[in-house]
Amino acid sequence: MDERYETEIIRDVLQGNMQRFEKLVREYQGPVFNLMFRTVNDDNVAADLAQETFFKAYSRLETFDTTKRFFPWLYSIGLNVARDHLRSRGRDFHVYMENPSVMYRDDGVRDEQTMVEERLDGGKMLEFIQQMAPKYREALLLRFKHGLSMKEIGEALDITVSGAKMRVSRGLDIVREEFGEVSDAS
Amino acid sequence: MPHRHNGDPLDANIMEQIRNMPERPVPADFSARVMSGLQPKKPSAWMRFKLWLTKPRSFTFTPLQAAPALACALVLLVFGFYQMQGPSPENGVRLTSVRFVMDDAGKQATSVSVIGSFNDWKTEESSMWYDQKNGKWVLEAKLPPGDHEYVFLVDGNRLVPDPQAAMTRDDGFGNKNSILFVNGDHEQHI
């Protein structure tokens, strides 16, 4: 979503036009819901937590800095909601995920053998990434899936820019260490 | 760990996997559920003013239209420059000389400091000196306008309100703080 358009929506919401908030919900419900699903591996609980995230974002919208992008701010709220949920159940911010090889998406242009191999390899790597410590996994997702800058990743994870760089770099290293040999041999 | 760069096939593969990570479909009624739980905001007067102030605006002008405004700005700049030729305030705030005095004819105390709201209640920079001739502890300071709370710290362990202060205020811990009003450019004696 265009940043200026997003700011315009937020200004409208702050002036009492609540319905405009639905644009933001529809735009970001996917990443927020998936963050929660990665955390709890349950559709219903994930939906509740994602809903709570948007409620909190709405109630705190007056504190949002409109010179910045909405998504990192929303994501940081979501991470806190996820942490609070797990803490309330005496659990760590851990990962639960269904078999990623089943969920692997292909574009349908490769031959069947290649697709099977890629599904297996991709599935393994995806499974590994899904099961990484959340602080590295979320940094990698924010960088390479959602295209956030290091500064925005820092905002989302509530860490410094150098901390964000370290998280992404370390996250990549962890995946490389696991899959380096296989990849180098191929 | 060998150094890798963005052109590395493994790195490219990792990034590709993350970029194409499958997404769990969001429940169909999710946004409706969220919206049904919200109440419209009632912006305060301050929020309305803030939004008005920060509203992006676009405007056009021609050099001929801008000339009067530029002339006014120039006049204000020159006027402002001459206004600033007087005594320069410190950090933009005009400070007033203040003299703290505590009577101690027989020099009963061995050290006295002034601690207050103007020095964050620290003793290090506000030690008083003893005036032998007049039998008083003295400290001169420069303070910004406003009311300041202070107290004398005698021998590092005893708090004594200034008996010459016009007003005192309860500090909430059973002691009285003296109040000093600073409101002019001239020296004030306490």
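This report describes salt bridges in a predicted model.

## Basis of the model

In this predicted model, local features need pLDDT of at least 70 and side-chain atom pairs count only at pLDDT 80 or more, while totals for chains, interfaces and linings use all residues. Residues are numbered from 1 along each chain as its sequence is written, chains are lettered from A and ligands numbered from 1 in the order in which they are written, and side-chain values use heavy atoms, with hydrogens and water left out.

## Salt bridges between chains

A salt bridge is a side-chain nitrogen of Lys or Arg within 4 Å of a carboxyl oxygen of Asp or Glu. Over all chains, the count is 22 salt bridges.

One of them joins B:Lys41 to A:Glu62, with the closest N and O atoms 3.3 Å apart. This pair crosses between chains, from the loop between helix H2 (30-36) and helix H3 (45-53) of chain B to the loop between helix H3 (43-59) and helix H4 (70-88) of chain A. Helices (H or I, at least four residues) and strands (E, at least two) are DSSP runs, numbered from the N terminus. B:Lys41 is buried, at 12% relative accessible area, whereas A:Glu62 is partly exposed, at 30%. Buried means under 20% relative accessible area, exposed over 50%, and partly exposed in between (1.4 Å probe, protein chains only).

## A salt bridge within chain B

B:Glu149 and B:Arg169 meet in a salt bridge, at 2.6 Å from N to O. B:Glu149 lies in strand E5 (residues 146-154) and B:Arg169 in strand E7 (residues 167-170) of chain B, so the pair ties together parts that are 20 residues apart in sequence. B:Glu149 is buried, at 17% relative accessibility, and B:Arg169 is partly exposed, at 37%.
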